[in-house]
Amino acid sequence: MQHNGEGEEEITLKMAKNALKVTVDGKRRLDLSNMAIATFPKCILKLCDIEELDLSHNLLKKIPDAIDKFVNLRLLDLHSNHLEQVPAAIGRLHNLYSLNLIRLMIQNYENKA
């Protein structure tokens, strides 16, 4: 992993591809949990056909509006992060059926839908 000098991890596209798995029921799952990620890795937007995204147990403070690029996303796990807010863009993920926001320190919900 690459360090940014502040003890946080930076995820590369190669690392993300290595973290890509297929679940027993055939879903494409990207598991980036427990990696000390503080900034949403924009490189994973190139993997926007995934169906499950696990970013739990990280140091994320913000999820970009570009999260809505994951049009096939069915499961999004953000639990145990430091999110300041949940972007309204998550509401545009029409295939999403599971959203885990447990143990977040959310200050507000952005409602611009």
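Strand β3 (residues 20–22) is joined to β4 by 3 bridges, and the two strands run antiparallel. The structure is a predicted model, in which the chain has a mean pLDDT of 88 and 84% of its residues reach 70 or more.

**Sheet**

- β3 and β4 form a hairpin that leaves 5 residues between the two strands, and G26, in the turn, has a positive phi of about 85 degrees.
- Within this antiparallel pair, K21 has R29 of β4 as its bridge partner.
- On to the next strand, β4 and β5 run parallel and are joined by 3 bridges, with D31 finding its bridge partner in D54 of β5.

**Nonpolar core**

- The largest nonpolar core has 28 residues, and those with the most contacts inside it are L30, L32, I44, L53, I67 and F70.
- I44 illustrates how parts of the chain that are separated in sequence come together: leaving aside neighbours within four places, I44 is in contact with A16, L30, L32, L53 and F70.
- In soluble globular proteins, nonpolar side chains tend to be buried together.

**Loop residues with positive phi**

- A36, which is not a glycine, has a positive phi near 60 degrees and sits in the loop between β4 (28–31) and β5 (52–54).
- What is the relative accessible area of A36? A36 has a value of 26%, which makes A36 partly exposed.
- S80, likewise a residue other than glycine, has a positive phi near 60 degrees, and S80 lies in the loop between β6 (75–77) and β7 (85–86).
- Is S80 buried or exposed? At 13% relative accessibility, S80 counts as buried, because the cut-off for that class is under 20% relative accessible area.

**A proline in the loop between β5 and β6**

- P64 has its place in the loop between β5 and β6, and with a relative accessible area of 17% P64 is buried.
- Not counting residues up to four places away in sequence, P64 touches F40 and P87.
- P64 and P87 are 23 residues apart along the chain, and their C-alpha atoms are separated by 7.1 Å.

**Confidence**

- Over residues 1–7 the pLDDT stays under 50, and for this stretch the model has 11 contacts beyond four places in sequence.
- Where pLDDT is low, the predicted coordinates should not be read in detail.

Notes: Residues are numbered from 1 along each chain as its sequence is written. This is a predicted model: local features need pLDDT of at least 70, side-chain atom pairs count only at pLDDT 80 or more; totals for chains, interfaces and linings use all residues. Side-chain values use heavy atoms; hydrogens and water are left out. pLDDT is the predictor's confidence in each residue, from 0 to 100. Contact means heavy atoms within 4.5 Å. A nonpolar core is a set of buried Ala, Val, Leu, Ile, Met, Phe, Trp, Tyr and Cys residues joined through side-chain atoms within 4.5 Å. Buried means under 20% relative accessible area, exposed over 50%, partly exposed in between (1.4 Å probe, protein chains only). Helices (H or I, at least four residues) and strands (E, at least two) are DSSP runs, numbered from the N terminus. Two strands pair if DSSP finds at least two bridges between them.
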